Amino acid sequence: MRVCGTLIQTYPKPPFGYIIRLIPGPSIEQSLFPHLPLQKPWQTLTTTTEALDRHRSLGQPPSLKPLTATEATNKTLVSKADELKNDISSSEQKKRNWSFYIWSQKKKDILQSPIQTRSKAHEVIRRMLASLGDPYTRFLSPSEFAKMARYDVTGVGINVREVPDENGAIKLKVLGIILDGPAYSAGLRQGDEILSVNGVDVKGKSAFEVSSLLQGPNETFVTIEVKHGNCQPVQSIKVQRQLVARTPVFYRLEQVDNGTTKVGYVHVKEFNALARKDLMIAMKKLLDSGASYFVLDLRDNLGGLVQVYLALAKLFLNEDETVIYTIGKDPQFQNTIIADHAPLVTAPVIVLVNNKTASASEIVAAALHDNCRAVLVGERTYGKGLIQSVFELHDESGVVVTVGKYVTPNHININGNGIEPDFSRIPGSPAIEAEWHE
């Protein structure tokens, strides 16, 4: 129904009522119920069918008890977060056995009681998102959202992630470390559990809160208490912060087959802002030195910047070859990304991968492999190929939502599957084995 140019939506509210949702327009409240005080936009009013009918017959406005301004704002916040479920890709919903009916029932149960505080609204959003069953879709408090916006992994060179143990308890672990970065050089390792930072217990804190604790002025020190594995002793490690970005590309020229063949070895540790430029420099120098083929080492590479790894893959592909497909519910995430220029390198390539080759590095490996530009050697990759969007809510909190996924040129879903290499070892090259499988 539309009154004074404004849409009025009514829908059942069990057991006997209706919800009236006022979609703001010119003087809508005064036009319908002139005796009521003016309500704020998007406020939800509840009444019963019996009361509504009785007041219609008397020609009087129904006696509604409006929500307080705080409750209305909190419910609006929850409703906005609820709308974001529509951005989740339908394939991911099906994979997680997600049900719109179950979601609606959960939302109805949650919203039956008043949401009187902002912290309660945040807790409701967390519960609603948890019902999706996607560990990567999550709520960010205002402080977490602010920290995410300014978070710089190069502070000590690690990524912190929340990982549930076998009992469901959340642990903060190092899932991403820059080799030769400050944390690695000091003794931290992939998979370490972080227990405290500068004496502050991290139990109950989010990954973003811990990341913020790790940050500080350049060349200052931070003390990190970690546990190496389940049965290892707790260790306190002092790390010097270093905010200057380092090159992630290391290369050298190798001679095999009794010196008759030159091989260019290139190790890309992450896809930061320097990766593409430094890889181009390395490749050109190795080509000028007579390299006849290349070994691209992506082991322990956990990813990085989207623009960087796409540009890097294009250095090896012919024009118009497919780099990756993106699939999502929203048309903006349904794309075919192709190489738009001639390749820098046309020589054969071997790509080294392992179970810590993840995300962006899996996309690069798959692009080269599926276009017959490289063979893959090593272990099955990690299997993270999701596209995520970050949405800011009106109170400066946020929601991270999985909106799509990456599919390789050969139409393989990376997420949850990883990429199977062609060989576990480089065939017929014992000298190379000793050098590159150290």
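**Figure 1. Overview of the protein chain in the predicted model****.** The secondary structure of the protein chain comprises 13 helices and 20 strands, and the coordinates are those of a predicted model. Of the 438 residues in the protein chain, 46% are buried. When contacts between residues at least 6 apart in sequence are considered, 64% of them join residues at least 24 apart.

**Figure 2. The open five-stranded sheet, with its strands in the order β12-β13-β14-β17-β18****.** The pairing within this open sheet is mixed. Strands β12 (249–256) and β18 (374–378) stand at the edges, and because each has a single partner strand, one side of each is left without a neighbour in the sheet. On average, and with direction ignored, neighbouring strands of the sheet are turned by 20 degrees against each other.

Figure 3. For F294, the bridge partner in β17 is V349.

Figure 4. Although Y265 and L253 are separated by 12 residues in sequence, their C-alpha atoms are 6.1 Å apart in space.

**Figure 5. The packing of helix α11 against helix α12****.** A pair of packed helices is described by the angle between the two axes together with the distance between them. The axes of α11 (residues 306–314) and α12 (residues 360–370) come within 9 Å and cross at roughly 20 degrees. Since angles under 35 degrees count as roughly parallel, α11 and α12 are therefore roughly parallel to each other. The crossing in which α11 passes α12 is right-handed. On the side of α11, the contact is made by Y309, L312 and A313, and on the side of α12 by A360, I363, V364, A367 and L368. Classified by residue type, this contact of α11 with α12 consists of eight nonpolar residues, with no polar and no charged residues.

Definitions and conventions:
Residues are numbered from 1 along each chain as its sequence is written. This is a predicted model: local features need pLDDT of at least 70, side-chain atom pairs count only at pLDDT 80 or more; totals for chains, interfaces and linings use all residues. Side-chain values use heavy atoms; hydrogens and water are left out. Two strands pair if DSSP finds at least two bridges between them. Helices (H or I, at least four residues) and strands (E, at least two) are DSSP runs, numbered from the N terminus. Axes are lines fitted to C-alpha atoms, for helices over the stretch in contact, and angles run from 0 to 180 degrees between N-to-C directions. Angles under 35 degrees count as roughly parallel, over 145 as roughly antiparallel, 65 to 115 as roughly perpendicular and the rest as oblique. A crossing is left-handed if the near helix is turned anticlockwise from the far one by less than a right angle, and right-handed if clockwise. Contact means heavy atoms within 4.5 Å. Ala, Val, Leu, Ile, Met, Phe, Trp, Tyr, Cys and Pro count as nonpolar, Asp, Glu, Lys and Arg as charged, and the others, Gly among them, as polar. Buried means under 20% relative accessible area, exposed over 50%, partly exposed in between (1.4 Å probe, protein chains only).
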